[in-house]
Amino acid sequence: MAAGRGGGEGDVRLDYPLEYEFKIMGLAGDDFAEHARRLIERVVGEAPPERVRVRASAQGKYHAVSVVTVLASEGQRRAVYQALHEDARVVYYL
């Protein structure tokens, strides 16, 4: 099961639309970055591949994937975090 606090801004108010960066960690695999990008794209409609960065952990077991996309609303942001929470391949997210 995925773990994470997902969007822990607390009482910070975000003004939409805005560019937002999701950070997602999962087991290293050739397709994890694309999997993470598509999870976000399903909710927001667009998550361009050129806005994805991947970094391997020191031992190479995990990949940290950053995906930047444009969000139209708080509902979209929360829906992405919910999708990340429910995905079995996602180990942690911010």
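Helices (H or I, at least four residues) and strands (E, at least two) are DSSP runs, numbered from the N terminus. With that in hand, hello everyone, and let's look at this structure together.

What we have is a predicted model, where local features need pLDDT of at least 70, side-chain atom pairs count only at pLDDT 80 or more, and totals for chains, interfaces and linings use all residues. Residues are numbered from 1 along each chain as its sequence is written, and side-chain values use heavy atoms, with hydrogens and water left out.

Let's begin with strands β3 and β4. They pair in the antiparallel sense over five bridges; pairing means that DSSP finds at least two bridges between two strands.

Now to helix α1, residues 32-44, which holds R37. Is R37 buried or exposed? R37 counts as buried, because its relative accessibility is 8% (buried means under 20% relative accessible area, exposed over 50%, partly exposed in between, with a 1.4 Å probe and protein chains only). Beyond its neighbours within four places in sequence, R37 is in contact with A47, P48, P49, V52 and V67, where contact means heavy atoms within 4.5 Å.
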